[in-house]
Amino acid sequence: MPHHRIPGATRGSVRRRTAFPVLAAVAAVVFLAVWVAMDFPPLSNGDSDAISRSGDPGWSATPATPVTPAAPSASTSTSASTSSPASPSPSPSPSPSPSVDPDQVLSEQLAPILKATTASLSVAVLDVEDGDGADYGVRAGKTYDTASIVKVDILAALLLKAQDQGRVLTALEKKYATSMIRVSDNASADALWQAIGGAGGLDAANKRLGLTATTGGSGALWGLTQSTAADQLVLLSAVFGDDSDSPLGAGSRTYIQGLMGGIAADQDWGVSAAGTVTGLKNGWLPRSATGLWDINSIGRIVADGHGYLVAVLSSGSVSKEAGISLVEKAAKTAVAVSASGGSA
């Protein structure tokens, strides 16, 4: 049993009182009884009491709950953080590949073709399966004489008029339409131009069809209707595209497709050079003022299992043959660019 100091006594005085063992024993018993009655904490062996110093009631009769040491904070654990293995830095995300502009690629691919001629071009192509396409024009706002490709537009206007009237084409109208499209007969075009109301009728029909850069030729000059390849692609889409996207009824569309699929053999040139043709209409016009030629071609072709709508309009060729060669090269280039997804 440990010795405990008694207030007011020294070690020397305790030794001198060995003659009174009974008294000392009684005093010790009394001291211990008082200590227990006061519920003082047990005597320490000299170790620090962290719980008591923190303010917790270390002397409580209820055993203290063990305290889990707190994790060192970043601000106080410099050495620990230094010794820990560094987390690997995240790899930088790869930069996205720059998007390809099909129009720019088409322009670049046409550059050497145009460099070899003084003629100018307007070109447009559309993959009918996936909707990808591209177009090219010499400059914004420039239009081209349509020559005989306008005959498809004239027939579309005639069919819209018949639809509005709730009727089919008459036998004479069908005769004119067949001759106008398949052999490009001008007299038949004259008759149907009048039937649709001339330029006014064509412009009204084109508004419904979605053409925005096409203007009917003045008076009887339907061949001088002004247009662009992009607008001609809109017309082709109305003829060969989905029913829901065209104001032309299914019967009207089928009728135009049938005529364009039966072009005279001597007129099988132009965009048909880019693939197997399923619909075609060409136009050619020598300009008396300059002696140069307008050569145009529009249609639907199939290449490598894909259907394409293609339109090429040109002006300024030195001859019909030179113009046809230019249009065919442009058509092949446009289809190749579209088939490659616009890549160079």
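Q: In what order do the five strands of the open sheet lie?
A: This is a predicted model, where local features need pLDDT of at least 70, side-chain atom pairs count only at pLDDT 80 or more, and totals for chains, interfaces and linings use all residues. Residues are numbered from 1 along each chain as its sequence is written, and side-chain values use heavy atoms, without hydrogens and water. Strands are DSSP runs of E, at least two residues, and helices runs of H or I, at least four, numbered from the N terminus; two strands pair if DSSP finds at least two bridges between them. Pairing in the sheet is antiparallel, and the order is β2-β1-β7-β6-β5.

Q: Which are the edge strands?
A: An edge strand here pairs on one side only. The two are β2 (133-137) and β5 (276-286).

Q: In β7, which residue is the bridge partner of Asp127?
A: Strands β1 (residues 120-127) and β7 (residues 306-317) run antiparallel, joined by eight bridges. The partner of Asp127 in β7 is Tyr308.

Q: Are helices α8 and α9 roughly parallel or roughly perpendicular?
A: Helix α8 (residues 186-196) packs on helix α9 (residues 198-209) at about 70°, with axes 7 Å apart. Axes are lines fitted to C-alpha atoms, for helices over the stretch in contact (heavy atoms within 4.5 Å), and angles run from 0 to 180 degrees between N-to-C directions. Angles under 35 degrees count as roughly parallel, over 145 as roughly antiparallel, 65 to 115 as roughly perpendicular and the rest as oblique. So α8 and α9 are roughly perpendicular.
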